[in-house]
Amino acid sequence: MKQLILGLALALASLVAHAAPADLSFCTGGVGGAYEALGQGIGGDIAKKIGAKLEVVNTGGSVENASMLKEGDCVMAIMQADAVTSLGLPRDITVTNAHTEVVFWIHGAKGVKTFSDMSKPENSTRAVGYVSGSGAEVTVKNFGQVDSDYTTLKTVEFDDWLEAAEAASQGFTMKSGVRVEVAGIVYVGRPGFITTDITDEYKDSLWIGAIGEDSFGKAKDRNENSLYIPYELSSKGDSGIPSDNKVFDISTYAMSAQIVYNNAYHAQLDTKEARAIKRAVSKAISANVKAVRQ
């Protein structure tokens, strides 16, 4: 009888050790967006290779993805690099660069042309706008962590980019009956793909200006590489809004969108299975990111 029980226990342990991995939950972005497409490609390749079921989770982007990753609701996620560094993700993660995202400083006729001028005392009562919960909110706050001159930057939140663009265009907004002077808005996105909420209605009353702050280039990402990379935006207005200088390209910063994998997903598996999953993750990311960059 003891031998029978021992045999059953060993058989059960073998089945558990070789059971299919848990569902692979992948937090991405909005329906039909670049994050969703990348998540489906990478996640689909991994799930097929390891025999797991893929769950692509549509979210509001980097901020929500970070929260869900911390709560254990996502095994993988896509988010902009400064969200990865500043939003307190789990310690044991693997981070891989994907496509490039640009930091856009967008202002109206009454706004401030160069973002770095927001550190000057004469602009202390003017606000920098962004959409609440967006990647731009993360970037503005992280600028303050990188350079103390921007720690006390006055900011104003909007519910959507149409509202933010209107405020930047007219140079002010009303919040709870109080007039707030708006110097401009920060928007983070793919080069050439500013949301139509901004470009359709306000392309004739908004301009793209320079960031103009060298200190931001000193920041490091999760892999200890440069977080914000100097980037030149075309003066031809290829992003849907003209630049405020028709002669020279506009100097701003870019960063990577990053694929984040939580290593806890394979931590409880035996060495062979864990190695197989890590290899599948690495190969899927490499193949899909290469396609996105081309």
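Predicted model: local features only at pLDDT ≥ 70, side-chain atom pairs only at ≥ 80, totals over all residues.

Entry: salt bridges.
I looked up how many salt bridges the structure holds, and the answer is four. I went through three of them, starting with D117 and K120, whose side chains meet at 3.1 Å, N to O. D117 has 24% relative accessibility, so I log D117 as partly exposed. K120 is partly exposed too, at 36%.

Next I took E137 and K141, a salt bridge at 2.8 Å, N to O. Both residues sit in helix α5 (residues 135–146), four residues apart, or about one turn of the helix. Is E137 buried or exposed? I find E137 buried, with a relative accessible area of 12%. K141 is partly exposed at 45%.

Then I checked R179 and E181, which meet at 2.5 Å, N to O. R179 comes out partly exposed at 47%. E181 is partly exposed at 30%.

Entry: helix α3.
In α3 (residues 62–70) I list S62, N65, A66, M68 and L69 as buried. Down the helix axis, these buried residues fall within an arc of 170°, so they line one face of α3. I then looked for what covers them, and found among others β1 (24–27), α2 (34–50) and β11 (250–262). After α3 comes G72, with a positive phi near 85°.

Key:
Residues numbered from 1 in each chain as written. Heavy atoms only, no water. Buried < 20%, exposed > 50% of the residue type's maximum accessible area, 1.4 Å probe, protein only. Helix = DSSP H or I, 4+ residues; strand = E, 2+ residues; numbered from the N terminus. Arc of directions from axis to C-beta. Contact = heavy atoms within 4.5 Å.
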